[in-house]
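Me: I am new to this structure. Could you show me how to read its features?

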Amino acid sequence: MENISFRNDVLPLKNVLYRLALRITLSREEAEDIVQDTLIKVWNRRDDWHDIDSIEAFSLTVCRNLSLDRMKKAGADNRAIADGEDFTADPDRNPFETAAQRDRVEQVRRIIDSLPEKQKSCMQLRDFEGKSYKEIAQALGITEEQVKVNIFRARQAVKQKYNEIEEYGL
C-alpha cells in the first residue's frame with residue numbers, strides 16, 4: 001500500500017463516518033463522539049497502515065463497530081433523527097406541497113431508522129454515500145452477495161412500508 005496520510009486520506013472521511021454513525025445511533029452527539037473515537041483509533045494504528053488494503057474500509061469498520069458497541073451499552077433506544085436535516089424547500093411550491101414533501105421525507109427517514117442494523121448500514125453506505133458493493137463488504141465484514149441481499153431487502157421494506165402508509169395512513 002502506498003503511503004497513507006492522516007490529513008489527506010483519513011480526515012476527509014469524517015463526514016462519511018459521521019453519517020454512518022448517525023444512521024446507526026440516531027444521535028448527533030453520539031455520532032460526533034464516535035467519529036472522534038474512530039479517528040483516534042485509526043491514528044493509534046498508524047504503524048499498521050501498510051498492512052491495510054483500504055484505509056477507508058478500515059475506518060468505516062472501526063466506526064461501525066464503535067457505533068454498535070455504543071448502542072449495546074445504551075440499550076439501543078430507537079430515537080429518530082431530528083426533523084429538518086438535509087431538507088430544503090422548493091421556492092416554487094406552495095406551503096401545502098412543501099409540508100407534504102417534508103412529511104414524506106420524514107416518513108421515509110422513520111422507515112429507514114426502523115430497519116435491521118445491517119440493512120440500514122448497507123443502505124446508508126450504498127444509497128447515501130455511493131460506496132461500491134466491494135467497499136461495503138470490506139467495511140462491514142460480509143460478502144458482496146450479502147451486501148446486495150441486505151440492500152435489496154432494505155429497499156423492498158422501505159417501499160412496502162411507505163406504500164402501506166400512503167394507502168392506509170398507518
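Me: What share of the contacts with a separation of 6 or more is between residues 24 or more positions apart?

Reply: Contact means heavy atoms within 4.5 Å. In the protein chain, that share is 68%. This is a predicted model, where local features need pLDDT of at least 70, side-chain atom pairs count only at pLDDT 80 or more, and totals for chains, interfaces and linings use all residues. Residues are numbered from 1 along each chain as its sequence is written, and side-chain values use heavy atoms, leaving out hydrogens and water.

Me: How many helices and strands are there?

Reply: Both are DSSP runs, numbered from the N terminus: helices are H or I with at least four residues, strands E with at least two. The protein chain has eight helices and zero strands.

Me: Which residues touch the most other members of the largest nonpolar core?

Reply: Such a core is a set of buried Ala, Val, Leu, Ile, Met, Phe, Trp, Tyr and Cys residues joined through side-chain atoms within 4.5 Å. Buried means under 20% relative accessible area, with a 1.4 Å probe and protein chains only. Here the core has 34 residues, and Trp-49 and Ile-55 touch the most other members. Helix H4 (55-74) is among the contributing elements. H4 gives the largest share, eight residues.

Me: What is the nearest side chain of opposite charge to Lys-120?

Reply: Lys and Arg count as positive, Asp and Glu as negative; His and the chain ends are not counted. A salt bridge needs a side-chain nitrogen of Lys or Arg within 4 Å of a carboxyl oxygen of Asp or Glu. Lys-120 is buried and has no salt bridge; Asp-113 is that nearest side chain, 5.3 Å away. Lys-120 lies in helix H6 (residues 117-128). Its side chain reaches the backbone oxygen of Arg-23 at 3.4 Å.

Terms used
Buried < 20%, exposed > 50% of the residue type's maximum accessible area, 1.4 Å probe, protein only. Polar contact = N/O pair within 3.5 Å; in protein donor to acceptor, adjacent residues only side chain to side chain.
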